[in-house]
Amino acid sequence: MDIKDIQNLIKFVSKAEVSEVKYKTKDFEITIKTPLAGSEVSYAQPAVYHTAPQPAAAPAPSQAAAPAAEKQEAASDDSKYVTIKSPMIGTFYRKPSPDKDVFINVGDEVSNGKVVCVIEAMKLFNQIESEVSGKIVKILVDDATPVEYDQPLFLVDPS
């Protein structure tokens with residue numbers, strides 16, 4: 001089986017919406033796994049609910065309600081940031097090579113087109129560029145860990 005046949009098999013498996021296919025001959029064996037049987041992977045975003053003001057006669061909120069309000073406020077703070085997401089499945093690296101410095105750190109300014117990380121897929125190292133200008137607020141993925149397609153990698157403050 002040559003590389004063209006393998007690529008065609010991968011395309012077929014992804015369109016067939018199956019989660020795993022094993023192909024075996026006497027000299028060759030391949031297993032192809034797809035996430036969620038070919039369906040699109042989605043990530044849940046925290047919902048932010050805004051409540052209407054309560055009338056003055058309402059009882060004061062209890063102490064237990066205070067942490068929930070803080071969590072809701074923190075979630076709304078993240079909504080003002082732009083997310084840089086992974087354009088592919090692979091392994092996330094913050095450095096171009098083990099002996100080099102990281103591309104960016106929290107607090108660094110990025111501009112549109114600046115390389116922010118590398119994602120390795122099938123022995124190819126793909127440089128991922130920022131699609132937004134701003135300041136890096138948070139790095140959401142640890143170095144040398146696997147990432148999924150469309151997984152959030154960085155939070156950027158565009159202001």
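This is a predicted model: local features need pLDDT of at least 70, side-chain atom pairs count only at pLDDT 80 or more; totals for chains, interfaces and linings use all residues.
Strand 6 itself spans residues 115-121 and is mostly covered, six of its seven residues being buried.

Strand 6 also pairs with strand 7, made up of residues 124-129, again in the antiparallel sense and here over six bridges. In this pairing E120 is found opposite F125 of strand 7. The two strands form a hairpin in which two residues lie between them, and M122, located in the turn, has a positive phi of about 55°.

Four strands form an open sheet, arranged in the order 3-10-8-5 with antiparallel pairing. Because strand 3 (82-85) and strand 5 (109-110) stand at the edges and have a single partner strand each, one side of each is left without a neighbour in the sheet. In general, strands of a sheet pair through backbone hydrogen bonds, either parallel or antiparallel.

One is formed by F92 and F154, whose arrangement is tilted, with 5.9 Å from centre to centre and 55° between the planes. This pair links distant parts of the chain, since F92 belongs to strand 4 and F154 to strand 10, 62 residues apart. F92 counts as buried because its relative accessibility is 0%, and F154, likewise at 0% relative accessibility, counts as buried too.

The pair of Y93 and F125 has ring centres 6.2 Å apart and planes at 45°, and is therefore tilted. Here too distant parts of the chain are linked, with Y93 in strand 4 and F125 in strand 7, 32 residues apart. As for exposure, residues over 50% relative accessible area are exposed, those under 20% are buried, and those in between are partly exposed. Y93, at 24% relative accessibility, therefore counts as partly exposed, whereas F125, with a relative accessible area of 56%, is exposed.

Technical notes: Residues are numbered from 1 along each chain as its sequence is written. Side-chain values use heavy atoms; hydrogens and water are left out. Buried means under 20% relative accessible area, exposed over 50%, partly exposed in between (1.4 Å probe, protein chains only). Two strands pair if DSSP finds at least two bridges between them. Rings of Phe, Tyr and Trp (its six-membered ring) pair if their centres lie within 6.5 Å; planes under 30 degrees apart count as stacked, over 60 as edge-to-face and the rest as tilted.
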